[in-house]
Amino acid sequence: MDKQQILVVDDDESITFSLKIFLGKAGYRVDTTASGLEAWNLIETKQYPLILSDISLPGMTGKEILKKVKTRGIDCELILFTGYGSVRDAVDCIKNGAYDYFIKPVDNDKLLMAIERALEHKALRDENRGLRKKLGKNYDKQIVFCSKTMEDLLNKAKIAAETGATILITGTSGTGKTRLAKYIHNHSKKRDQPFVEVSCGVLSENLLESELFGHKKGAFTGAVSDKKGKFEAAKDGTIFLDDINSASMGLQTKLLRVIEQKIFEPVGDTRTLETNARVIAATNHDLLELSEKKVFREDLFHRLNVISFGIPSLRERKEDIPVLIHHFMANSSDKYLKPIKMIDENVLVSLSEYSWPGNVRELENIIERAVIFSQNNEIKMSDIPEYIVSNKKTKEDEVLTKGSLKLSRVSAMFEKVHILRVLKMNHSNRNKTAESLGISRATLFNKMKKYDMLGNNEQKM
Ligand SMILES: Nc1ncnc2c1ncn2[C@@H]1O[C@H](COP(=O)(O)OP(=O)(O)O)[C@@H](O)[C@H]1O
Ligand SMILES: [Mg+2]
């Protein structure tokens, strides 16, 4: 590994001198300076991954250096030194983004450990940033899956996306309806136009109508000025009507009209406006059943149902769990700057056996929480809630889980995705990949063989 360069700033020369020798022996290249201003000049010209600085300095204080580094967006870590008197300043610095602080006299061995951690922290951030760029992926837009069901569904969704037709998405809460709606929008010709979301479940009938179609000043008490509705805001883009089952019968009539004839009237207005927005609706109810009960218009149901996608609950597509875990781990690890390297196999088993009533949303929250609580770069059983571990399967779950993933399958799938990711990060360099994974090249080779990741001519080796 390249020697990393560290800047040490302290007006006490005995400190800069001894740190230069100590850190030099530990394998770092060290620049030193006694002045905050000179430190700033150095920081601007060289890219230090790490700066060690005293807080009280002549000219420019350690606090000011920190502030400048952060406001200029310079990507480096800071560790500060302080005397007993100014611990409060040091704590402020941590709040403002310093990595750590030490009270003088500094214990060199502890400092060395902090330096290693800080550099690892930065390396992870660089790695994630690089990875994101390389994969050109956006955590918020991707639909992660492994199951054949989702693959088929997305293939059909892509075809439907291009047609501009009205689409209905069904599925219980947290299965990914909103995300699929955005996916469809992003795969349609309207992708550069607005995507506007309206939840039909939260507003009262009148407010929802004005939210959708806009209103004229004075149309009702509280309508103090003209207001444009979401159909206007969506322009030629997509309007996503979430929880469509909550729209009143009266509003359903208006929605049918806007879908069929592309026209609507703002509340209290005599004008009829036109719209070219595509409608995507979603619900976690059975609209057929609601229409049989006469609480949902049958004609609207049929109109919406021409193209519909039912997203299965997560427990009906357990093959998606390992890749989703991996995806959310990478995402949270990036968000909280916590480099997770390992996950206890038992955690994988518990997570894949759990019935996930809250579907993907629940899984996402559990992983985020686990990453936050994780220590030593590892997710352990103690990082996931007790109810997931002690989850007693219901009869129904028992049937659904039958023939589903065994422990070895879950960890294997997880491992495969993990290896792929690290390989990509290292431009397929296997030495580096093995090193990042903490395994030997031979072990990596065997794993790649096992997971069918080798080129054809390598198989026989
Ligand atoms: N296949 C998926 N891949 C990645 N993230 C997903 C996937 N499905 C759902 N999510 C995430 O799970 C959460 C719940 O999804 P959402 O689309 O809001 O569900 P719904 O609208 O059905 O309640 C969101 O944070 C979403 O981004
Ligand atoms: Mg939703």
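For the colouring used below, Ala, Val, Leu, Ile, Met, Phe, Trp, Tyr, Cys and Pro count as nonpolar, Asp, Glu, Lys and Arg as charged, and the others, Gly among them, as polar. Keep in mind that you're looking at a predicted model.

Start with the whole protein chain. You'll find 20 helices and 14 strands in it. The radius of gyration is 29 Å, well over the 23 Å that the globule rule gives for 461 residues, so the chain is more spread out than a compact globule. Of the 461 residues, 32% are buried.

Next, select ligand 1 and its shell. There are 16 residues around the ligand, and the closest are Gly 176, Lys 177, Thr 178, Arg 179 and Val 360. Colour the shell by type and you get 4 nonpolar, 8 polar and 4 charged residues. Now show helix H7 (177–186) and helix H15 (359–373): each brings at least two residues to this shell. Then colour by domain. Ligand 1 lies between domain 2 (148–312) and domain 3 (315–425), because both give residues to its shell.

Now for the sheet. Pick out S7-S8-S11-S6-S12, the strand order of an open sheet of 5 strands with parallel pairing. At the edges stand strand S7 (195–199) and strand S12 (308–310), each with a single partner strand, so one side of each has no neighbour in the sheet. Look along the sheet: from one strand to the next, the twist averages 15°.

Last stop: zoom in on S7 and strand S8 (residues 238–242), which run parallel and are joined by 5 bridges. Select Ser 199, and opposite it you'll see Asp 242 in S8.

Note on methods. Residues are numbered from 1 along each chain as its sequence is written. Chains are lettered from A and ligands numbered from 1 in the order in which they are written. This is a predicted model: local features need pLDDT of at least 70, side-chain atom pairs count only at pLDDT 80 or more; totals for chains, interfaces and linings use all residues. A residue is near a molecule or strand if its C-beta atom, placed from the backbone, lies within 6 Å of it. Helices (H or I, at least four residues) and strands (E, at least two) are DSSP runs, numbered from the N terminus. Domain bounds come from an automatic or database domain assignment. Two strands pair if DSSP finds at least two bridges between them. Axes are lines fitted to C-alpha atoms, for helices over the stretch in contact, and angles run from 0 to 180 degrees between N-to-C directions. The radius of gyration is taken over C-alpha atoms; the globule rule is 2.2 Å times the number of residues to the power 0.38. A residue is buried if 20 or more other C-beta atoms lie within 10 Å of its own, exposed if 12 or fewer, and partly exposed in between; C-beta atoms are placed from the backbone.
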